[in-house]
Amino acid sequence: MTDATPGTVRLRETLESIPRYVAGKPATEQPGRTTYKISSNENPYPPLPSVLDVVREAMQTMNRYPDIGTVALREAIADRFDVDPDQVATGTGSVGLLGTLLQITSGPGDEVVHAWRSFEAYPIVVGLSGATGVPVPLTGDARHDLSAMADAVTDRTRLIIVCTPNNPTGPAVRQDELEAFLARVPSDVLVVIDEAYLEFNRDPEAADALAVWRSRPNVAVLRTFSKAYGLAGLRVGYCIAHEQVASALRTAAVPFGVSHVAQQAAIASLAAYDELDERVRALVAERDRLLIGLRDLGFEVPDTQANFVWLPLGDRTPEFAAAAEAAGVVVRPFAGDGVRCSVGEVEATDRLLEVAHSWSGAGGA
């Protein structure tokens, strides 16, 4: 028998070029002071008591496999959004579903168009599929440049991702510009509208993704229970798509990927949406307070319709992130581009504004 030599297993070459996902840094405890983590776009509120009751009950049967077809959850989603259950697919968060969308549409030699900077998982899931990512720079006001994205479409394009509101910059895509964009996209190219932050959107001109989906067979809508619903730790998202795509998603899904606990918590959260919406409204009000406060201090903050704000600080990004962390509030830096600050507790907003005030007073803004 030949001895195995460490490090000689053949792995896919594409792994060498795929960036690693960088999660939001947790807040480090500081003696005598409460610290805040606003480096991940999490809901700062704990789960609703009614949802927790359902989770506790569901945990009693975690020795059993979950419903592989997520039938009850798909029916609840379908009922809420007036679609057919066969037009719904579920997965381990919206990013899990996006990975499956890549599996069913794209491979080596294909291209995937998306804005940049946008959700940092996009280059990862595209790279893992073997397809080639085609990142299109945002406009000067941190918005999708849909005209340039349409120009980037070729006969090799198989998938286009539109993130609205855009993570990490915040603006939402408008209805008129989305319609004009889709009119230029070939009908055999799937356009995925990623609406992870939909519930926080208050822009009256924002695109109605479901209305667009109903009229266009090559559009799919991607959403999650991680943000507004506060189920980030349970990993459950959903895609509303026409039956060809939705069926393919269910076929390619990891068996039993969405746990029974996650399914039941999502169903309970849909039933309690009016109560959850009160929390969403509170977060939107806190977001607007933070946005106005930063602008009053001289920061050039783009419009945001999500649960975060974006500070385009360029080369000064690490300095601001370090100052915030020293003050007990951890933000998410994107080296060379800017800082994303999630909306958290009122006290976290106060702390961040104090840091920003000191920064602007020192000539940073």
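Trainee: Which residues of α4 are buried?

Mentor: In this predicted model, the buried residues of α4 are Y122, I124, V125, V126, G127 and S129.

Trainee: Which elements do the buried residues of α4 pack against?

Mentor: They pack against the helix α3 (93-105) and against β3 (111-116), β4 (132-137), β5 (157-163) and β6 (190-194). Just after α4 comes G130, with a positive phi of about 90°.

Trainee: Where does N41 lie, and why is N41 called buried or exposed?

Mentor: N41 sits in the loop between β1 (36-37) and α1 (49-59). Its relative accessibility is 5%, and the limit for buried is under 20%, so N41 counts as buried.

Trainee: How do you know that the side chain of N41 makes a polar contact with the side chain of Y197?

Mentor: A polar contact needs a pair of N or O atoms within 3.5 Å, one able to donate a hydrogen and the other to accept it. The pair between the side chains of N41 and Y197 is at 2.9 Å. A polar contact of 3.3 Å also joins the side chain of N41 to that of R340.

Trainee: Leaving aside neighbours within four places in sequence, which residues is N41 in contact with?

Mentor: N41 is in contact with N167, Y197, K227, N307, F308, R340 and S342.

Trainee: What does P44 touch, not counting residues up to four places away in sequence?

Mentor: P44 touches L283, V343, G344 and E345. As for A228, it is 184 residues from P44 in sequence and 9.9 Å from it in space, C-alpha to C-alpha.

Trainee: What about R143: where does it lie, and is R143 buried or exposed?

Mentor: R143 is in the loop between β4 and α5 (146-151). A relative accessible area of 12% is under the 20% limit, so R143 is buried. The side chain of R143 makes a polar contact with the side chain of E177 at 2.5 Å, and the limit there is 3.5 Å. Among the residues R143 touches beyond four places in sequence are L138, P171, R174 and E177.

Trainee: Turning to the whole chain, how many helices and strands are there?

Mentor: The protein chain has twelve helices and twelve strands.

Trainee: How do you know that the chain is as compact as a globular protein of that length?

Mentor: Its radius of gyration is 21 Å, and the globule rule gives 21 Å for 365 residues, so the chain is as compact as a globular protein of that length. Its C-alpha atoms fill a box of roughly 65 × 55 × 50 Å along the principal axes.

Trainee: What share of the 365 residues is buried?

Mentor: Buried residues make up 52% of them. Of the contacts with a separation of 6 or more, 73% come from residues 24 or more positions apart.

Terms used:
Residues are numbered from 1 along each chain as its sequence is written. This is a predicted model: local features need pLDDT of at least 70, side-chain atom pairs count only at pLDDT 80 or more; totals for chains, interfaces and linings use all residues. Side-chain values use heavy atoms; hydrogens and water are left out. Helices (H or I, at least four residues) and strands (E, at least two) are DSSP runs, numbered from the N terminus. The radius of gyration is taken over C-alpha atoms; the globule rule is 2.2 Å times the number of residues to the power 0.38. Buried means under 20% relative accessible area, exposed over 50%, partly exposed in between (1.4 Å probe, protein chains only). Contact means heavy atoms within 4.5 Å.
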